[in-house]
Amino acid sequence: MEDQIAGTWWWPFVMILVAGWLATDVWRWLGVFAGGKLREDGELLIWVRCVATALVAGVISKLILFPEGILAETPLWLRLAATAFGFASFFASRQRVFVGVLAAEAFLIGGWLLLDALG
Amino acid sequence: MSPSGDVPSDSAPSNENLPDRAWMLRGARAAVSIPAFILTAAFVGYAGLARETGLTLLETLAMTGLVWALPSVVVLTGALSSGMGIIPAAIAVALASVRLMPMTMALMPLIKVPGKTKNWQLLIASHFVAVTAWVYAMKNLPDLPREGRLPFFIGFGGAVSTFVFCMTGAAYLLVERMPDIVAGALFLLTPVYFLCSLWGAARLNADRVAMITGLVLGPLFFLYLPGLDLLWTGLVGGTIAYFASRIVRRGLS
């Protein structure tokens, strides 16, 4: 019975609606109602911002330390060095995001090609 | 140099009375930006993954448009391809999406006009909350007059997601297989962009401390408490950052 349903053309779309759309947007809706009562200058908002910021920062370091796909095959030190170089360039350019991203990419690709040529 | 930075000062006084539609257009125009291109690159990378996994074009597009948060999309792709049941899949996706709640909460006081903004308007806007648009909004919305922020954000989010939606479809159809080095470079784009712009979006010392605690705790919780790791990173790292910077601000009161 369950296999029959899982084989239909529409089952993936039910999955996407329930396990994708609903399971994701419900948090956004909860955020709207819980955030609607926050005062803009309140201490509670500062804490909520801290939680959200730390969370996004956690996403960042996970993406660099435990990347998915082909990037996982580069050495960790190269990814860290490229990120550090990008972040330093970001500061050196008076906080221009574009410069930071470009510098990190140049470092990564340069290092990658060099390792390929050596190895 | 004007202290307000990006906002041109000559047009500032007349900004106040613009209709919502004009603010939406401005938001849509602002969407032609580096963050939008980086997000597009990330979704182009995802389109390749979706095709390799065996998802159809329609399924890939439905996920992109309806879920609109890349980590959750990736989790759902894994669930679909492994034939996971709908309940476990929903739980896995919900866990990957908890982060959207504090992010949306922090955004609300910024885009809401007390006594005027309707909840349904906020609910529509909230669908565009994902890391890219959130970081952009936290950085740039405070420079706009309050009345313009919500329509600007909807215009920005709508334009970015429409563009990414189309490019994901195009990439699914056109990109046969990316060279390794291009695919790898695309994967590094996202964290470096987040790192720089999150630092740029920080307004208080508390935000900067939270960023550092999050960077350190993220991998630790991932190794020792996988699954709920991001939630713990946010709660523990954010709370430490809040109290540490509060003690610096006001002493031990």
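This is a predicted model: local features need pLDDT of at least 70, side-chain atom pairs count only at pLDDT 80 or more; totals for chains, interfaces and linings use all residues.
Chain A contains five helices and zero strands, and from the N terminus onward its elements follow the order α-α-α-α-α. The radius of gyration of chain A is 22 Å, well over the 14 Å that the globule rule gives for 119 residues, and chain A is therefore more spread out than a compact globule. Taken along the principal axes, the box filled by the C-alpha atoms of chain A is roughly 55 × 50 × 20 Å. Of the 119 residues in chain A, 40% are buried, and among the contacts in this chain between residues at least 6 apart in sequence, 21% join residues that are at least 24 apart.

Within chain A, helix 4 (residues 76-92) packs with helix 5 (residues 97-118) at an angle of about 150°, and the two axes are 7 Å apart. Because angles over 145 degrees count as roughly antiparallel, helix 4 and helix 5 of chain A are described as roughly antiparallel to each other. Their crossing is right-handed. Residues of helix 4 of chain A that make the contact include L78(A), A81(A), F85(A) and F90(A), while those from helix 5 of chain A include V97(A), V101(A), F107(A) and L108(A). By class, the residues of this contact divide into 13 nonpolar, five polar and no charged. The loop between helix 4 and helix 5 of chain A holds Q95(A), a residue that has a positive phi of about 60° although it is not a glycine. With 14 other C-beta atoms within 10 Å, Q95(A) is partly exposed.

The contact between the chains takes 68 residues from chain A and 76 residues from chain B. On the side of chain A that touches chain B, the elements giving two or more residues are helix 2 (11-35), helix 3 (43-65), helix 4 and helix 5 of chain A. The largest share of this side, 21 residues, comes from helix 3 of chain A. Sorted by class, the side of chain A that touches chain B has 45 nonpolar, 14 polar and nine charged residues.

One helix pair across the two chains is formed by helix 2 of chain A and helix 4 (residues 70-81) of chain B, which pack at an angle of about 150° with their axes 11 Å apart. The crossing of helix 2 of chain A and helix 4 of chain B is right-handed. To this contact helix 2 of chain A gives P12(A), M15(A), I16(A), A19(A), G20(A) and T24(A), and helix 4 of chain B gives S72(B), L76(B), A79(B) and L80(B). These residues divide into seven nonpolar, three polar and no charged.

Helix 2 of chain A also holds R28(A), a residue that is buried, with 25 other C-beta atoms within 10 Å. When its neighbours within four places in sequence are left aside, R28(A) is in contact with L100(B), T104(B), S126(B), H127(B) and V129(B).

In chain B, W68(B) lies in the loop between helix 3 (57-67) and helix 4. Phi of W68(B) is near 50°, which is a positive value in a residue other than glycine. W68(B) is buried, with 25 other C-beta atoms within 10 Å.

Key
Residues are numbered from 1 along each chain as its sequence is written. Chains are lettered from A and ligands numbered from 1 in the order in which they are written. Axes are lines fitted to C-alpha atoms, for helices over the stretch in contact, and angles run from 0 to 180 degrees between N-to-C directions. Helices (H or I, at least four residues) and strands (E, at least two) are DSSP runs, numbered from the N terminus. Angles under 35 degrees count as roughly parallel, over 145 as roughly antiparallel, 65 to 115 as roughly perpendicular and the rest as oblique. A crossing is left-handed if the near helix is turned anticlockwise from the far one by less than a right angle, and right-handed if clockwise. Two residues are in contact if their C-beta atoms, placed from the backbone, lie within 7 Å. Ala, Val, Leu, Ile, Met, Phe, Trp, Tyr, Cys and Pro count as nonpolar, Asp, Glu, Lys and Arg as charged, and the others, Gly among them, as polar. The radius of gyration is taken over C-alpha atoms; the globule rule is 2.2 Å times the number of residues to the power 0.38. A residue is buried if 20 or more other C-beta atoms lie within 10 Å of its own, exposed if 12 or fewer, and partly exposed in between; C-beta atoms are placed from the backbone.
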